[in-house]
Amino acid sequence: MSGPATPSLKRELTRRLIVLQAALLALLVALVIGTLWASGYLIASRDEDHAIEVVGQALARGPDGGLVLRATPALAKLRSEQTDLWFVVRDDHRQILTEGTVPGPFAHIGDALQDVSQGRLGWSIGDDPARPAARFKRVSSAAGPVQVLTATQGPMSAAKAITAALLLLGAVGLPNLLLMTLATAVATPIVVRRALAGLSEAAAQAARVDAERRGARLSLTRIPAEIAPLVSAVNGALRRLDHGYERSKRFLIDAAHEIRTPIAILQVRLHALADGPEKARLVEDVARLATLAEQLLDLQRLDLHPESMSRVNLVEVGRRVVSDLAPLAIAAGYDIAFACEVDEVGVEGDPVALERALINLVQNAIAHGGRRGSITVSIEQRGLVAVSDEGPGIALADRERIFEPFHRLRSAPAGLGLGLNIVREIVFRHHGRIVVRDNPVKGTRFEMTFPVV
C-alpha cells in the first residue's frame with residue numbers, strides 16, 4: 001500500500017507565486033482606476049455633437065416667440081443617460097435657453113462667440129483634468145439658427161470605471177501576467193534546485209547510513225538556514241544512536257568474555273572425568289555453550305576494516321577448521337572429511353572472519369546432521385567452500401528463514417539461532433554469496449562462493 005503522494009515544492013511554489021502575482025496585478029489596476037475615479041481625475045468623453053443635434057431638434061418657438069424645448073424621445077433619452085447634462089442655447093436675437101448647472105466659466109461666454117460657427121473650449125496641458133470643457137456649434141432648428149453650448153466630458157460612471165478597469169487589465173495586466181508567469185515557471189525550479197542542492201547531497205549521505213556505517217553525519221554545507229535545524233537534529237540523533245550502539249557493543253563483548261571463563265573451567269574439569277556416554281554429552285553441551293559465547297563475540301567482530309583484509313588461502317582455512325573440529329564431530333557420532341584437489345584458492349578477506357564462517361557451518365552440521373553419517377568440507381578452485389551432511393535436510397520453505405537472526409527450526413536443539421546469520425553477514429561483506437542445496441547423497445549442502453584473487 002503506497003503512502004500519500006509527496007507534494008512538489010517547485011510546483012507548489014510556482015503555483016502560489018503565479019496566483020499572488022495575478023491577485024496583486026488585479027488589485028493594482030483596481031486601485032488605480034478607483035483612485036482616479038473617486039478623485040475626479042477619471043472622466044469620460046461625451047458625444048457632444050449628438051447632444052447638440054438632439055437639443056437642436058427639440059427646439060421650438062413658444063407663443064410669445066421665446067425659445068422652448070419640445071419633449072422629444074431623443075431628449076428624454078439624453079437626459080436619462082447624462083444626469084449632469086447642461087447646455088446653453090442662443091439665437092440671433094440673443095435669446096437664451098439653459099438647462100442644468102452651467103459651469104461658471106461658460107455662463108456668459110456665448111456673447112463673445114456669437115459670430116463663430118463652432119469650436120471646442122478646454123484647458124492647456126498640465127491643468128486640472130477635472131476642470132470642465134465645452135463644445136459649441138451653430139445648428140438649424142425649428143426656432144431658426146441657434147448656437148448650442150454643452151459639456152464635452154463628465155465624471156465616469158461606476159459601470160464605465162469597471163469597464164475601463166477590465167480593458168486596462170486585458171490590455172496591460174494580462175500580457176504582463178503572462179510574462180511574469182513564464183518567468184516564474186522558468187526561474188522557480190532553477191532557484192529551488194540551486195537553493196536545495198546541499199539538501200540533495202545530505203539526502204544521499206542519509207541513504208548510505210546504516211548500522212554498519214557508524215559515525216556518519218549529514219553535511220551542513222550549502223544547506224538553507226531554514227532547513228539547517230532539521231539536519232542538525234538528524235546529526236544529533238545519529239550521534240545518540242552511535243553512542244547507544246557502542247554501549248551495547250561493549251556490554252555484549254564484556255558479557256561474552258565473562259561467559260568464556262567459566263566455560264573454559266568446565267571443559268578442563270570435564271576432561272578429568274572418566275570416559276563414558278555421560279561425559280560425551282556433557283562435553284558436547286559445554287562445546288555448545290562455548291559456541292554461543294563465540295557467536296556473541298562474532299556479532300561484535302563483524303565490522304570489517306580495510307586494514308583487516310589480506311590474501312587468504314581457503315584451503316589452509318578448511319584444513320585447519322576440519323582438524324580443530326574433528327574431535328567434536330567424532331564424539332557426536334560423525335565421520336568428518338576434507339576434500340580439495342588444489343593446494344591454494346586465494347581470496348581477499350579477513351582470515352579470522354572467514355574461519356569463523358566455516359566453523360559455524362561445520363558446527364551447524366554437527367548440531368543438525370542427525371548424529372550419523374559423514375560431514376564433508378570441500379573446496380573448489382572457483383572459490384567455492386561447501387559443507388555437506390547426511391542429516392534429515394532442510395525444507396525449501398525454511399531455506400531463506402534459517403539465515404534470519406534468532407530463527408531456529410522446530411527440531412533444533414537449544415541455541416540462539418545466530419550461527420547461520422553470522423555466516424551470511426560474513427559472506428556478504430566479502431562480496432560473496434551463500435546458498436543451501438540438497439546433498440546429492442542425503443542431507444544438506446551449504447555453499448559459500450567468494451571472488452577469487
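Author: Happy to. In this predicted model, helices H9 and H10 pack with their axes 9 Å apart, at an angle of about 145°. Their crossing is left-handed. On the H9 side, the contact is made by Ala353, Leu354, Arg356, Ala357, Asn360, Leu361 and Asn364. H10 answers with Gly419, Leu420, Ile422, Val423 and Ile426.

H9, which spans residues 351–368, has another partner in helix H8, residues 314–331. Here the axes are 10 Å apart and the angle is about 35°. The crossing of H8 and H9 is right-handed, whereas that of H9 and H10 is left-handed. From H8, the residues in contact are Leu314, Val317, Gly318, Arg320, Val321, Asp324, Leu325, Leu328 and Ala329. From H9 come Leu354, Glu355, Leu358, Ile359, Val362, Gln363 and Ile366. Keep an eye on Leu354 as you turn the model: this residue is listed in the contact with H8, and also in the contact with H10.

Now to the sheet beside these helices. Five strands make up an open sheet with mixed pairing, in the order E11-E13-E14-E16-E15. Strand E11 (335–340) and strand E15 (433–438) each have a single partner strand, so they stand at the edges with one side left without a neighbour in the sheet. From one strand to the next, the twist averages 15°. Helix H10, residues 419–429, packs on this sheet and touches E15 and E16. The direction of H10 makes about 130° with that of E15. H10 can therefore be viewed from two sides, with the packing on H9 and the contact with the sheet.

Within the sheet, strand E14 (residues 384–388) and strand E16 (residues 444–449) run antiparallel and are joined by 5 bridges.

Arg311 and Glu344 meet in a salt bridge, with 3.3 Å from N to O. Arg311 belongs to strand E10 (residues 310–313), while Glu344 sits in the loop between E11 and strand E12 (346–349), so the pair ties together parts that are 33 residues apart in sequence. The count of salt bridges comes to 14.

Strand E7 (residues 134–141) pairs with strand E8 (residues 144–151) in the antiparallel sense over 8 bridges. Among the residues involved, Arg135 has Thr150 in E8 as its bridge partner.

One last stop is the surface. Leu13, Leu17, Leu20, Leu24, Leu27 and Leu31 form a nonpolar patch there, with about 520 Å² of accessible area together. Leu31 lies in helix H1, residues 9–39.

Key. Residues numbered from 1 in each chain as written. Predicted model: local features only at pLDDT ≥ 70, side-chain atom pairs only at ≥ 80, totals over all residues. Heavy atoms only, no water. Patch = residues over 30% accessible without salt bridge, like charges linked within 9 Å, V, L, I, M, F, W, Y side chains within 5 Å. Areas by Shrake-Rupley, 256 points an atom, 1.4 Å probe, with all protein chains shown as cover. Salt bridge = Lys/Arg side-chain N within 4 Å of Asp/Glu carboxyl O. Helix = DSSP H or I, 4+ residues; strand = E, 2+ residues; numbered from the N terminus. Pairing = 2+ DSSP bridges. Axes fitted to C-alpha atoms, helices over the stretch in contact; angles between N-to-C directions. Contact = heavy atoms within 4.5 Å. Left-handed = near helix turned anticlockwise from the far one by under 90°.
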